[in-house]
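The notes follow in the order of looking.

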Amino acid sequence: MPELPEVETIRRGLEGRAVGRQIVDTEVCHPRPVRRTSAHHLIEGSVGATISGLKRRGKYLIIVLDSGHEIMIHLRMSGQIIAAARRESRPRHTHVAFILDDGQELWFIDPRTFGEVVAFDPLQLETTIPELAGLGPEPDQISLAELRRILRTRRRQIKALLLDQTVIAGLGNIYGDEILHWARVRPDRRSNSLSPLSERRLHTAIGAVIANAIAAGGSTLGDGQYVDVSGASGSFQHAHRVYGRAGQRCLTCGRGWIRRVVIAQRSSHFCPVCQR
DNA sequence: GCCCTAACCTGCGCGC
DNA sequence: TGCGCGCAGGTTAGGG
């Protein structure tokens with residue numbers, strides 16, 4: 001579910017609610033989210049510390065503690081983070097709960113248990129969370145020249161390249177499709193086959209789609225799975241032009257019909273008229 | 001470097 | 001009503 005815009009929306013929500021609060025207790029109710037280390041490790045690394053900041057890298061959310069340690073949360077496919085009053089009953093699949101000193105709790109909820117919550121020492125990042133250390137640049141920080149270098153030195157299908165977190169951090173299946181539509185590039189094009197104009201359009205599209213999605217609070221699909229920390233839905237799904245619209249007429253050109261193909265084992269949606 | 005498959009899990013919608 | 005099937009926003013490992 002959550003890609004960069006959803007994680008950024010969660011980060012901003014937590015920033016307003018949790019910074020300056022002390023974690024007085026941490027409850028681990030399921031071993032899967034703490035599988036990388038242990039429940040004991042997360043509890044030891046969090047209880048008694050005060051939250052001094054919230055960071056994000058790609059789809060990784062990072063809680064910064066005054067102890068010098070940090071907590072990494074990755075939501076993967078079905079994870080949610082909800083801030084609620086302590087008196088409220090926890091929903092099903094609440095696997096980790098951070099209890100704060102102001103009567104709030106932060107819940108990590110994850111039906112499919114792919115997500116992770118890991119306390120770590122930032123000085124040991126390379127060994128503890130190597131994939132976080134190896135992320136590519138943020139979409140809003142990559143220059144046109146850098147993007148061109150990446151595109152021209154590889155020949156993978158462009159959609160697969162955009163999904164590769166070591167190339168650009170934070171893009172997922174929804175925004176990959178929307179970016180390629182905005183850029184008018186077919187998802188199965190080889191990255192080194194793009195014209196200079198298409199490269200420029202792709203660079204613009206990456207920045208614009210992600211910025212617009214963040215401004216809209218992310219995308220909440222029909223299953224309602226993604227919500228922000230207060231349980232509110234995003235609205236960028238109303239701006240989707242291709243994702244989830246297979247078989248429908250293209251909203252951009254009005255002539256093509258949105259097709260669904262599989263690229264890199266993921267469904268990809270595009271307009272064969274607009275995107276070349 | 002790149003591609004493909006399998007795996008990790010649960011929930012939901014659909015067809016029969 | 002109930003069952004089986006396919007599919008789902010992410011990522012890694014292993015083999016070729």
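The model is a predicted one. I then took the whole pair: β9 (residues 259-263) and β10 are antiparallel and share five bridges. The two strands make a hairpin with two residues between them, and A264 in the turn has a positive phi of about 55 degrees. I checked burial for β10 (residues 266-270): four of its five residues are buried, so the strand is largely enclosed by the rest of the structure.

**Four-stranded sheet**

I traced an open sheet in the order β2-β3-β4-β8, with antiparallel pairing. Each of β2 and β8 has a single partner strand and stands at an edge, so one side of each lacks a neighbour in the sheet. Between β3 and β4, which run antiparallel, I find five bridges; Y60 has H74 in β4 as its bridge partner.

I next looked at the helices. α1 lies across β2 and β3, at about 170 degrees to β2. Helix α2 (residues 39-46) also packs on the sheet and touches β3, β4 and β8; its direction is about 55 degrees from that of β8.

**Cores**

Which residues have the most contacts inside the largest nonpolar core? They are I51, I71 and I73, in a core of 27 residues. α1 gives the largest share, four residues. For I51, leaving aside neighbours within four places in sequence, I list contacts including A18, I63, L65, L100 and L106. Apart from this core I noted another of 26 residues, among them I150, V185, I214 and F236.

Conventions
Residues numbered from 1 in each chain as written. Chains lettered and ligands numbered in written order. Predicted model: local features only at pLDDT ≥ 70, side-chain atom pairs only at ≥ 80, totals over all residues. Heavy atoms only, no water. Buried < 20%, exposed > 50% of the residue type's maximum accessible area, 1.4 Å probe, protein only. Pairing = 2+ DSSP bridges. Core = buried A, V, L, I, M, F, W, Y, C linked by side-chain atoms within 4.5 Å. Contact = heavy atoms within 4.5 Å. Axes fitted to C-alpha atoms, helices over the stretch in contact; angles between N-to-C directions.
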